[in-house]
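Trainee: I would like to go through some labels and ask what stands behind each. Please put the model up first.

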Amino acid sequence: MPHVLVPPARFERWVSNFETGHGGAALSALDGALHGAAGDGSTFTARLPFATPYDAMPEVAAFLAAVETPGEWGVLLVRKGGFAVARMAGPTMVEHKIGQRHVQGRTKAGGQSQQRFARRRDNQARQAYEAAADHAARILGRGPLVTGGDHPAVIEVLSDQRLAGLQVVEPWLPVPDPRRAVLDQAILDAQAVAVHVTNA
């Protein structure tokens, strides 16, 4: 189910807009999340960042009071074209590394030439993933890890034994090739409220 990432500072306005647009909403706290059920049948489910369960009062203010950034956490973004890894202390980035790797594009040639290109592309991608795993093992500490990019690429990097103890949490971030601006936005998104909306 698709979700929207709402910065905590904007969540109260987001709920107000939902209520205005859907004829009011009754709030409840169920299954570790804040739920809203509107008069027209539309609903939303809001979850705290870092997979933190919510079980307090069904109120926006109480929900926002429960938003907390861990003392230590990390971000790992991987695509075939590169990677970004960051170790965080609360909202502050302590250390990071961004790497770009050239991975051969697809070729229109057929036969052996196409197979050779495919092997080269696979080798280049594997080298990029190994580099990402090396830096992740060096930089990342304890605490939750938010990931994004390309699912198979992230799985490949996290298969490294040195990263076996990392605790991956939602949300998954579908980012483009990691650059500094992409990493900065991913860090903000990781700290946002994830809201699933079902419109009637």
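Trainee: What makes the pair formed by the side chains of Q191 and T69 a polar contact?

Mentor: This is a predicted model, where local features need pLDDT of at least 70, side-chain atom pairs count only at pLDDT 80 or more, and totals for chains, interfaces and linings use all residues. Residues are numbered from 1 along each chain as its sequence is written, and side-chain values use heavy atoms, with hydrogens and water left out. A polar contact is a pair of N or O atoms within 3.5 Å; within protein, one must be able to donate a hydrogen and the other to accept it, and residues adjacent in sequence count only if both atoms are side-chain atoms. The side chains of Q191 and T69 make such a contact at 3.2 Å. A polar atom of the Q191 side chain also lies 3.0 Å from the backbone oxygen of I187.

Trainee: Why is Q191 called buried?

Mentor: Buried means under 20% relative accessible area, exposed over 50%, partly exposed in between (1.4 Å probe, protein chains only). Q191 has 14% relative accessibility, so Q191 counts as buried.

Trainee: Which residues does Q191 touch, not counting those up to four places away in sequence?

Mentor: With contact meaning heavy atoms within 4.5 Å, Q191 touches P8, P49, F50, T69, W73 and P91.

Trainee: How do you know that β6 and β7 pair?

Mentor: Strands are DSSP runs of E, at least two residues, numbered from the N terminus. Two strands pair if DSSP finds at least two bridges between them; eight join β6 (residues 82–89) to β7 (residues 92–100), which run antiparallel. M88 stands opposite M93 in β7.

Terms used: Helix = DSSP H or I, 4+ residues; strand = E, 2+ residues; numbered from the N terminus.
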